Amino acid sequence: MAHETKTPWVSLSLTLALAAATATATATASDHNHEPNHDRDVMEIVERANLAAYYAGADGRSEARMRIVDARERTQTRQFTILRKDVEEGGKQHYLVVFSRPSEFRGVAFLVEKRPGDDDDRWLYLPDQDLERRIAPGDKRTSFVGSHVFYEDVSGRDIQDDEYELLEVTDDRYKIRATPKEPGSVEFAAYTMWVDRETYLPMTTEYEDAAGSVYRRMESSQVEIIDGHPTPLRMRMEDHNMGGYTEVQFRGQEYDLGIPASVFSQRSLRNPPREWLGR
Amino acid sequence: MAAGTGERPQRQLRAALLLAAGMVTGVAVAAAPATHAEWGANGGDDGNNGWDNDWEDNGWDDDPWGDEEAGGLPFELSGFAELAGGYRTRDHELFDKRYHLAEARLRLEARGDWRRFDYRVRADAVADGVTDELRGELREARLSFPVGERLDMRLGRQVLAWGTGDLLFINDLFPKDFQSFLTGRDEDYLQGPSDAVRGTWYGEQVTLDLVWTPLFAPDTYPEGERLSYFNPRSGEQVVDRLRAEEPDDFPNDGELAAQLRTRIGGTELAGYFYRGFFPQPGSVTEADRLTHGRLNAFGASLRDRLGPGIVNAEIGYYHSVDYDSSAPQRAPNSEARLLLGYTWEAITHLDVGLQYYVEWLQEYDELKAAWQGDENLDNAQEDDYRPDEFRHLLTARLTYSMWRDNLTASLFTFYSPSDNDYYLRPSLRYRASDALTYSLGGNFFGGDHAHTFFGQFTEDSNLYARLRYRF
């Protein structure tokens, strides 16, 4: 299985496309302690990372399956398809998530209207009861459908919620440390992410508790270029507080499909849009 | 990365372990950690802090994606097997059996699609130790298809629901199975099936639902089979079967239900209309038999985000069509109903939902006069059993989830300050695996009076347990 596929021409085109930003960031990194524009520059990396991870293309679809392994090595599975449409780059987004596995979740659907800086609107459809429930905003840092992945990991954490510091620039990664502006609102005291300098994808993120020890770690891997967008095909979330880990495998990604806004409506909860969900 | 090395033996080992462990328990045995090359030199600094970077490639690849395991059938098949048992916590003198729920249930669900048509059939086979019978229950047999761009049709037996209440229904007048609900079956069974035609039209601004049920389907209410009820005529708790006459004249005794919905920003607004019958019998025929009175209902609801939660409000007016001022006891009063609710996550993992609900009898003076003039009732009965003009109800739902939602503890409380009675519904649900779920719970009733809505079930308070294996 090919991991970290990067053909030379792709690297080249990306390097060209991102040349300006990369140059800026590299310059910043070499003497970042003395650079007056340091905050702005680290923000630029964070913004690009946010766009690369959550806003690739104007819309997208992806099939995902999760293998959830608990501390006693017992395994559960989830399989679903995600449709996404950006309303504004880096801002509002619509998500539709439709489950196919396990049988208990079959036909369950989430509709999310994400609004960075505000609470999301979320609906949940339960097919057995033909019930369309609206979900209170709540804590976004809780388990997504029983996995070690949080809701916030699926739809992205608001980049305005943290302060950032560029710690180090290596040959291919930016090492950025983030601390929450409201420490009481989250379970972590800080996190460190390693952002790929070519793709701007956050490849590793480690969350620390108040004692400074890492208890949660996200890793992305097997990045492939799909429709021009670097896309991790695997993700793994390990959490010592919960015990165990979740592996996520993606397939069937496509971008810029021209998914109409009407797909992200209540109609799709009851009648999942087969032409967009299927391949 | 050395993803390929050792993959095949690992896979075989895993398969052997799975077989040996026996999947009946729903506990899968994971493979021993593979020895992969160190992952990502740039991530996690050096040494990886003891993190296990094993991706366990083995196991993924021979595990098919869900939609690829159809196994040659032209449709998908799933379902569950369930054992359920329930036991009265009080010694009920009217029932021989102490248990009120003892059943083994096999659910089969088949679904598939052909062109633009989707179908789904769900049926239960039940071996029932309370009624000593084997029976089949067809829960759903429906066909869905779009007509043009904006209309979705759904035909056949189906479960229908709308409105904003949590276990309280104003404009949702589709059949409810309160017997299942009060005896400890899964909450899904509260919603009974309808044999109906549903059309949903999606406009630019509004969505219109029209549901035609050709023949009226009543609620399944407590009528002596598993739950006793209070008879105000005799002033006693009874288990006599009510055997109400059901309107069954096709097509005059059908039901029509409509919902018109719209969204303005985050605010969901809906209007409702219903033409049919009171879901529970409250009228008397000319031959003095109990029956369901004609009902026309109108209502509206609102749902929105507010502060940290979701607020909902719903109103409804029940017009009792057959009501006659000269004989107020032969048909139900018309009613106005109101519901206000708020749901939020009070602390992480703890969801709280609160509701206030009221039923207001519209011709109360006439009802009161009729009760006072009833020769069959003595004064004590008349005073005690006559309904109040207003029935107020407060509900609270507390749900706490642990272990990544695999363990859920919930308490739903109904309390009526006007009737001074209550209904507590605690439950504990443990999802041991994707296949196996254990549920434990109770239905506890009480109140100051023997005749009130929840108070009458005091002796029917019960505990139940269920074990469900999904496939």
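## Model and chains

Helices (H or I, at least four residues) and strands (E, at least two) are taken as DSSP runs and numbered from the N terminus. The model is predicted, with local features requiring pLDDT of at least 70 and side-chain atom pairs counting only at pLDDT 80 or more, while totals for chains, interfaces and linings use all residues. Residues are numbered from 1 along each chain as its sequence is written, chains are lettered from A and ligands numbered from 1 in the order in which they are written, and side-chain values use heavy atoms, without hydrogens or water.

Chain A contains six helices and 13 strands; chain B contains five helices and 22 strands. A residue is termed buried under 20% relative accessible area, exposed over 50%, and partly exposed in between, using a 1.4 Å probe and protein chains only. Of the 279 residues in chain A, 62% are buried, and of the 471 residues in chain B, 49% are buried. Contact means heavy atoms within 4.5 Å. Among contacts with a separation of 6 or more, residues 24 or more positions apart account for 48% in chain A and for 57% in chain B.

## Aromatic pairs and charges over rings

Rings of Phe, Tyr and Trp (for Trp, the six-membered ring) form a pair if their centres lie within 6.5 Å; a pair is stacked with planes under 30 degrees apart, edge-to-face over 60, and tilted otherwise. Over all chains there are 32 aromatic pairs. One of them joins Phe110(A) and Phe144(A), whose ring centres are 5.9 Å apart with planes at 35°, so this pair is tilted. Phe110(A) belongs to strand β4 (residues 109-114) of chain A and Phe144(A) to the loop between β6 (131-135) and α4 (151-155), so the pair ties together parts that are 34 residues apart in sequence. Both Phe110(A) and Phe144(A) are buried.

In chain B, Trp114(B) and Phe117(B) form a stacked pair, because their planes meet at 20° and their ring centres are 6.0 Å apart. Trp114(B) is exposed at 53% relative accessibility, and Phe117(B) is partly exposed at 30%. Ring pairs also link Phe181(B), Phe412(B), Phe414(B), Tyr423(B), Phe445(B), Phe453(B), Phe454(B) and Phe457(B) into a cluster.

A charge sits over a ring if NZ of Lys or CZ of Arg is within 6 Å of the ring centre and within 35 degrees of the ring normal. Arg216(A) is placed over the face of Phe150(A), 3.7 Å from the ring centre, and Lys176(B) over that of Phe169(B), at 4.7 Å.

A cavity is a set of points, on a 1 Å grid over the protein atoms alone, where a 1.4 Å probe fits but cannot get out; its lining residues have an atom within 4 Å of a point. Points are joined across faces, edges and corners, and the volume is the space filled by probe spheres set on them. Six cavities of 30 Å³ or more are found, and the largest cavity holds about 950 Å³. Its lining has 44 residues, of which Ala53(A), Tyr54(A), Asp153(A), Val154(A) and Met235(A) are the closest to its centre. Helix α3 (residues 38-54) of chain A gives the most to this lining, with six residues. For residue classes, Ala, Val, Leu, Ile, Met, Phe, Trp, Tyr, Cys and Pro are nonpolar, Asp, Glu, Lys and Arg charged, and the others, Gly among them, polar. The lining of the largest cavity comprises 29 nonpolar, seven polar and eight charged residues.

The second largest cavity has a volume of about 160 Å³. Among its 13 lining residues, Val112(A), Arg122(A), Tyr151(A), Val154(A) and Ser155(A) lie nearest the centre. Two or more residues of this lining come from each of β3 (93-101), β4 and α4 of chain A, and α4(A) gives the most, with four. By class, the lining of the second largest cavity has eight nonpolar, one polar and four charged residues.

## Backbone features

Most residues other than glycine have a negative phi, and most peptide bonds are trans. A cis peptide bond joins Arg101(A) to Pro102(A), with omega about -5°; Pro102(A) is in the loop between β3 and β4 of chain A. Another cis bond joins Phe250(B) to Pro251(B), with omega about 0°, and Pro251(B) is in the loop between β9 (236-238) and β10 (255-264) of chain B.

Trp403(B) has a positive phi, near 50°, and is located in the loop between β18 (390-402) and β19 (407-416) of chain B. Asp405(B), in the loop between β18 and β19, has a positive phi of about 70°. Trp403(B) is exposed at 55% relative accessibility, whereas Asp405(B) is partly exposed at 28%.

Technical notes:
On a 1 Å grid over the protein atoms alone, a cavity is a set of points where a 1.4 Å probe fits but cannot get out, and a pocket is an open set with protein on both sides within 12 Å along at least five of seven lines; lining residues have an atom within 4 Å of a point.
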